[in-house]
Amino acid sequence: MASNKVTRGLAKAVGIDLEKRSKTEPSTLIQSAVSNLQARSIDPYYETEPTVKDYVLEHLPTWAGVRRYVRSLFPFLDWIFHYNLTWLLGDLIAGITVGFVVVPQGMAYALLAGLRPEYGLYTSFVGFILYFLFATSKDITIGTVAVMSTLVGRIVARITESHPQFSPEDIARALSVIAGAVLLFVGLIRLGWLVEFIPLVGICSFMTGAALNIAAGQVPKLLGVSGVNTRDATYKVIINTLRALPTAKIDAALGLTTLLMLYSIRSFCNYMAKRQPQHKKVWFFVGTLRLAFAILLYTLISWLANRGVVDAKKAKFAILGTVPSGFRVHGAPPISTSLISALAPDLPATIIVLIIEHIAISKSFGRLNNYVINPSQELVAIGFTNVFGPFLGAYPATGSFSRTAIKSKAGVRTPLAGLWTALLVVLALYALTKVFFYIPMASLSGLIIHAVGDLLTPPATVYQFWQVSPIEVVLFFAGVLIMVFTDIETGVYFVVAASAALLLLRIAKARGSFMGKVDVYRVAATDGDDERGGETVGKKREAYVPLNRRDGSNTSVEIRNPYPGVFVYRFSEGFNYTNTAHYMDELVAYIQKHTRPTTSNRFEKIGDRPWNNPGPRRGQAISASSDQRPVLRAIVLDFASVNNVDVTSIQGLVDTRTQLDHHTYPDRAEWHIADVGNRWTRRALAASGFGFPRLGNTDENSNSSWRPVYSVAESGNLGVEEKEKTVRVRVTMKDVEAGGEDSIERVEEEEAENEVPRNMAALLGVDRPCFHLDVATAVEAAIAHVEGNVSQGKIQ
């Protein structure tokens, strides 16, 4: 009690009236309606408004929540104890299959990053050995990828040029630690939902542009062409490569035939899989091993051509050269403040690329294989991998599309399959490094071009985008062209910024709809023959569709206004500060166009007329009889698409109500709101004077025509087979002048043949009678109030 007095005293001292709401709410009127409900054994319901305390208590961590959070960090605990031999066999086959692909790819992508080839194997090993601990996807493989490696190569080249004291390996490892730490933090605080702001079209645009960039940069090595700066913009690389074609060497024979072989084997295996569906799995594994087969074949050719060569520079064509055996890097990467400052400009692009590739791939394969990934936990996985990987020589790693597809088709059962791939990588590091010496560089370039070809968005997919959203196709091609004419980093920033701008534009320029009423009948086809020709026509019901037919409804069907002077307005894209002005301007303009002012000659003097509505010229009187438009009686707002509101949107609604009050002076239009599903939104609306009739408590004459419509449903302990029925009940207040009695009547029931249930209760709060369950109820309440005024002779 003492605290309430202190609170009221402080509020009064600063000019806050805590009783303002209770003074404006017609409590006597509502209580009379509640009494009528109780007289019919209908239990009233008073909704308790949410408070800040409720919000805080709801979001405060609990011990149970902390335990669930800690357990969620290690999802492998949910399945590891169910591991069995069948799962082991599937993981073994998938892991070894991926291993044959990752070894040549890892070395090739390390060269893209400007590093020695063994660093690609280090990165692949760490990704496979650590990921299963935090994985929520069984298919994805973390390791070296073409796009990330290309980006790392650009960063390494830029920093080594301006800071020659840093080695490429130290730069790449430091970049991995810093980017990984950011991702780990974002994942631990469960902000993985942020990745949803990058749409599918933006991701496809980025992947296509990056693939073109990478492929163009590998063509000079494929052909043995020298003197082409592959770090230039893609279009410059293409032009310079064409100019340098006369300098092509024997490497071109190896590179082009490697590329031809890879595509030929894949096409043949796909053809045979269709011709022999019973052997589809066999042809899949044959096609998957084409990378390993091509590299081994051309390594053998290179060994035959360069036997006895010790120095790779003296070989007849460019070869990989010496690859150290085993793990040669141990310990933390050297990170200094100057190195952090040098890396800072490229960190956003690095983090975005790591997120885009991994989350997009994992979500895609999760949908294909019927499981759900946790984006926040996936960020923990790649964050942990990139933080601790550099201690063994790894550079930034993320999910690989090609290897993930292979792993999925190979029949992987759990994330533990990565351990078998890691074992194969270790075997290659310790037993095959001498063989790697002879791998032709042109063949590795052919392998890279072949791999990034899968990242290109097929024309059929782009056409599908066009059918769904043409404006997003414009964004797609803009992103690709920017990457072609600038670089990957600029393209990444454009894709993210353009996606956010398109989202904001759609929200800010949202267009609401004024709804009209249509009587519809449900028609269900039947098997039997009847007088309707095999079809059963159901009972009539009301439906509300846009009056402007923007929804594409049949133009031959007549759409009617619900009632003269009653308007139904539906929000389309939420209701917040970005689109408030757009919505409210549209609402006011339409109503003022389709209704006339309640008082035609409100201003006696010409000078009293407002400048924006001066009326007829030369002071002529305004004739109401010549204006056949109705006056504004009620507005129904459909909040089905609105979840949250803010101060700006509510103030915009209040200002609009005030503006329309001038239009209806001396009357005031009623405001009814349907489908308000959020308690905080109902609280905000009620605090601003919405949700109850705009009538006083003392003016009984004005109250006598009020006819609220409540939605009630059967209450109590229902049996399993009992069906809940919803009815609408109209409460009519007594006519003071006529001395009539209060009454209550059933307006409509869901099933006309059934009687009203014995025990009923209100679904929504009875103290907010202008909040309605649906649009039909809101319109009915608005019409009931207007007709009540007509019957009382208060309006014409």
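Mentor: The model is predicted, with local features needing pLDDT of at least 70, side-chain atom pairs pLDDT 80 or more, and totals for chains, interfaces and linings using all residues. Residues are numbered from 1 along each chain as its sequence is written, and side-chain values use heavy atoms, leaving out hydrogens and water.

Trainee: Why is F100 called partly exposed?

Mentor: Buried means under 20% relative accessible area and exposed over 50%, with partly exposed in between (1.4 Å probe, protein chains only). F100 has 38% relative accessibility, so it counts as partly exposed. F100 lies in helix 6; helices are DSSP runs of H or I with at least four residues, numbered from the N terminus.

Trainee: And why does S338 count as partly exposed?

Mentor: Its relative accessibility is 35%, so the label is again partly exposed. S338 sits in helix 15 (residues 337-343).

Trainee: What makes the pairing of the S338 and S336 side chains a polar contact?

Mentor: A polar contact is a pair of N or O atoms within 3.5 Å; within protein, one must be able to donate a hydrogen and the other to accept it, and residues adjacent in sequence count only if both atoms are side-chain atoms. The S338 and S336 side chains are at 3.1 Å.

Trainee: How do you know that the length of helix 26 agrees with what it should span?

Mentor: The expected span is 1.5 Å times one less than the number of residues. For the 18 residues of helix 26 (residues 647-664) that should be 26 Å, and the end C-alpha atoms are 26 Å apart, so the two agree.

Terms used: Helix = DSSP H or I, 4+ residues; strand = E, 2+ residues; numbered from the N terminus.
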